[in-house]
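Welcome! Here is a short briefing to read alongside the structure shown below.

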Amino acid sequence: MRKLLLYIFLCIATVATAATYSVDNLPIPYLQDKTQYVSNPDDILSQTAVDSLNLWLGQMETEHGVQTVLAVVERIEGGDTYEFCMALGRKYGIGSKEQNTGLIILLSTGDRAYTILTGRGLEGKLPDAICKRIENRQMLPALREGDWDEAMLATVRAITKYVDGDPSLVGGSDFEHNVEDGFTTFGMLLLLAIGLIIFAVWKDRRKKSYCPSCHQYKMKRISSRVTTNRILGIRTHHDTYRCTHCHFTKELHWDEHINSGGMGAAAGGALGSSLFRGGGGFRGGSFGGHFGGGSFGGGGASGRF
Amino acid sequence: MKTLFGKVLTPSLTGRVRGGSFILLLGILPFLFTSCTYNKLVEQEETVDQKWADVQTQYQRRADLIPNLVNTVKGYAAHESETLEAVIAARSKATQITVNADDLTPEKLAEYQAAQGEVSQALGKLLAITENYPDLKANEQFSELQAQLEGTENRIAESRRIYNEAVQTYNVSVRRFPNNIWAMIFGFEKKTMFAAEAGAEKAPEVQF
């Protein structure tokens with residue numbers, strides 16, 4: 001009987017076991033959408049809590065330049081939350097490179113372990129002792145009751161208070177950089193496309209103005225005439241050019257398909273599609289975030305419950 | 001026919017231009033090469049020195065934390081004086097050994113590491129006995145001190161890792177051909193890395 005019970009228990013345990021996350025397979029929603037700071041792949045936190053956390057952490061980034069990754073998972077590889085956070089920090093370089101204000105908060109409910117890891121630039125405002133105090137006073141009581149939502153909400157609330165009290169943390173540099181970067185890339189593409197079109201037009205005109213007789217670029221169009229063949233669907237342009245230098249005259253004929261709308265539309269189509277491709281990275285009306293390359297020296301505090 | 005900016009180049013002119021620039025290039029190249037290598041080696045050596053300074057800062061930070069920790073523990077576990085004294089003795093011994101970045105010989109580094117290792121061991125013992133004092137463990141000040149100590153140990157490990165990485169980059173540069181020739185001429189020598197901590201190869205024993 002006992003064996004049977006054990007067997008049933010094992011079966012349930014196997015089914016109920018959630019994925020064990022490694023640094024490489026932990027989803028980071030921030031990279032796709034820069035308003036999403038919380039990684040909650042096992043749905044341990046409620047959606048309401050995730051929304052509040054995202055809002056607060058977003059404010060912390062715009063106002064103080066503190067870039068956060070908050071992850072709540074069932075289990076992590078190795079079970080050591082500190083090592084996991086360090087590896088995460090090393091891999092993504094969370095926080096700006098100048099300020100090093102990255103922050104990683106990790107709770108592994110199955111390992112019953114948690115870590116707050118502070119970037120080098122945050123160690124002044126959030127020293128290890130303060131991180132520990134936040135964990136002891138805000139996180140632990142809720143964790144002991146299994147209230148994961150409250151544990152994370154209270155922790156982030158407390159961290160926000162400490163960060164708000166530091167005027168040396170200048171906000172938003174990273175955040176605005178990102179948006180600006182987005183526009184700069186867009187603008188560059190646009191400029192490049194315009195430049196290419198201008199170049200093509202210029203090249204075309206220069207070719208037309210070349211005089212084969214005196215080898216100078218002095219041909220001017222003196223008359224132009226259009227004939228249309230509706231049966232073939234072709235419009236033929238007859239342009240007459242005369243050289244202002246040696247008065248040499250040449251005639252140019254070129255055909256245009258009536259339905260195609262000409263060269264302008266083709267260029268416009270190419271331009272449009274390339275711009276569309278450039279804009280493909282923006283999902284759901286929001287920019288994907290990027291991490292600034294901040295480094296972590298090992299500051300922060302960890303614990304078990 | 002070769003043209004350059006619309007002008008026709010005669011074969012003799014091309015030859016002269018090419019030959020001249022070729023000889024010039026041959027003359028300059030070794031200098032460019034040397035100064036480039038030399039600058040790179042200087043840069044990497046500076047990085048190693050800086051990382052070494054970081055390592056020492058973190059060890060110093062730990063040493064600064066110890067008196068505070070010892071005093072807190074004393075209030076709760078006065079009769080563990082032997083363990084407490086061992087920590088203080090190891091600390092004062094370790095703080096006397098400082099190694100400058102320019103004479104980081106393997107022997108000096110080993111000595112430094114051994115002294116700091118003793119501090120680690122004494123601290124480990126101290127933290128182990130605190131397990132027997134529930135009042136102490138419940139003390140918030142002690143909990144925060146312990147967190148600071150843990151954070152510092154983490155920082156030490158991280159700064160050592162970064163130092164080792166910097167040394168490795170530098171050593172590879174120094175030993176690689178043809179850099180090794182310039183390194184020999186300018187006196188760049190191989191630097192020493194931290195060895196794995198004595199006892200780190202053994203997995204910690206867990207008792208239930």
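**A first look**

Read from the N terminus, the elements of chain B follow the order β-β-α-α-α-α-α-α. That gives chain B six helices and two strands, where helices (H or I, at least four residues) and strands (E, at least two) are DSSP runs numbered from the N terminus. This is a predicted model, in which local features need pLDDT of at least 70, side-chain atom pairs count only at pLDDT 80 or more, and totals for chains, interfaces and linings use all residues. Residues are numbered from 1 along each chain as its sequence is written, while chains are lettered from A and ligands numbered from 1 in the order in which they are written.

**Chain B as a whole**

- Of the 208 residues in chain B, 22% are buried (20 or more other C-beta atoms within 10 Å of a residue's own; exposed means 12 or fewer, partly exposed lies in between, and C-beta atoms are placed from the backbone).
- Among the contacts in chain B with a separation of 6 or more, 76% join residues 24 or more positions apart; a contact means that two C-beta atoms, placed from the backbone, lie within 7 Å.

- Helix 1 (residues 11–76) of chain B contains B:Q56.
- B:Q56 is partly exposed because 17 other C-beta atoms lie within 10 Å.
- B:Q56 and B:R160 lie 104 residues apart in sequence, yet 9.4 Å apart in space, C-alpha to C-alpha.
- Helix 3 (residues 106–130) of chain B has 25 residues and should span 36 Å at 1.5 Å a residue, which agrees with the 36 Å between its end C-alpha atoms; the expected span is 1.5 Å times one less than the number of residues.
- Buried residues in helix 3 of chain B include B:L123 and B:L126.

**Where the chains meet**

- Contacts link 10 residues of chain B with 12 residues of chain A.
- The side of chain B that touches chain A has two nonpolar, four polar and four charged residues (Ala, Val, Leu, Ile, Met, Phe, Trp, Tyr, Cys and Pro count as nonpolar, Asp, Glu, Lys and Arg as charged, and the others, Gly among them, as polar).

**The sheet of chain A**

- In chain A, five strands form an open sheet with mixed pairing, in the order 2-3-5-6-10; strands pair if DSSP finds at least two bridges between them.
- Strand 2 (38–39) and strand 10 (299–304) of chain A are the edge strands, each pairing on one side only.
- Strand 2 and strand 3 (residues 67–73) of chain A pair in the parallel sense over two bridges.
- A:V38 stands opposite A:L70 in strand 3 of chain A.
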